[in-house]
Amino acid sequence: MIVSMAVAERAWCVVVPHHARGAQQARHRLAAALADAVTPNLLADVVSVAAELVGNAVRHAEPLPGGVVRLAWRLRVVESKQVIEVRVTDGGAPGLPRPRTAGAEDPDGRGLTIVDALAVRWGVERDGLGQSVWAELS
């Protein structure tokens with residue numbers, strides 16, 4: 001499959017409800033928006049990371065005003081490689097998001113470990129309005 005881009009950079013943002021249905025909406029919209037722009041393998045990784053970040057925002061953080069979470073992405077080409085930054089912004093949580101060690105029988109607790117494995121790098125930014133967790137994939 002050959003993927004070409006007519007522009008050097010594309011960006012997109014969607015606001016979804018701070019609810020499991022919102023996380024599902026975010027995944028579907030992201031997949032549809034990037035389907036023609038990136039390789040299938042990169043798309044699968046980006047959707048997986050976005051799903052983890054939105055899911056974490058819904059489970060562990062407060063919503064933004066209006067009861068929503070914001071998912072944004074930016075696609076650019078750096079040295080002939082596609083680089084996608086995914087950013088999920090919520091109303092913040094008491095502690096900073098960090099990977100944890102989940103036991104074999106634990107039903108959850110692997111989200112940021114998955115993000116860490118798939119992303120080139122990731123981090124957290126806080127401001128007076130909330131926090132954004134971002135990940136960069138290539």
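Modeller: Strand 1 and strand 2 run antiparallel, joined by nine bridges. Strands here are DSSP runs of E with at least two residues, helices are runs of H or I with at least four, and both are numbered from the N terminus. Two strands pair if DSSP finds at least two bridges between them.

Biologist: Which residue stands opposite proline 17?
Modeller: Valine 68, in strand 2.

Biologist: Before we go on, where do the numbers come from?
Modeller: This is a predicted model, and local features need pLDDT of at least 70, side-chain atom pairs count only at pLDDT 80 or more, while totals for chains, interfaces and linings use all residues. Residues are numbered from 1 along each chain as its sequence is written, and side-chain values use heavy atoms, with hydrogens and water left out.

Biologist: How do strand 2 and strand 3 pair?
Modeller: In the antiparallel sense, over nine bridges. Strand 2 covers residues 68-78 and strand 3 covers residues 81-90. Tryptophan 73 stands opposite valine 86 of strand 3. Valine 78 has lysine 81 as its bridge partner.

Biologist: What sits between strand 2 and strand 3?
Modeller: Two residues, and the two strands form a hairpin. In the turn, glutamate 79 has a positive phi of about 50°.

Biologist: New topic. How many helices are there in the chain?
Modeller: Three, along with five strands. Along the sequence the pattern reads β-α-α-β-β-α-β-β.

Biologist: Which residues of helix 1 are buried?
Modeller: Gly22, Ala23, Ala26, Leu30, Ala33 and Leu34. Seen down the axis of helix 1, these buried residues fall within an arc of 100°, so they line one face of the helix. The arc is that of the directions from the helix axis to the C-beta atoms. Buried means under 20% relative accessible area, exposed over 50%, and partly exposed in between, with a 1.4 Å probe and protein chains only.

Biologist: What's on the other side of helix 1?
Modeller: Ala20, Arg21, His28 and Ala32 are exposed there.

Biologist: And what covers the buried residues of helix 1?
Modeller: The cover includes strand 1, helix 2 (40-60), strand 2 and strand 3.

Biologist: Back to strand 1. Is alanine 11 buried or exposed?
Modeller: Alanine 11 counts as exposed, because its relative accessibility is 60%. Alanine 11 lies in strand 1.

Biologist: What is alanine 11 in contact with?
Modeller: Trp73 and Arg74, leaving aside neighbours within four places in sequence. Contact means heavy atoms within 4.5 Å.

Biologist: Last one. What share of the chain counts as buried?
Modeller: 42% of its 138 residues.
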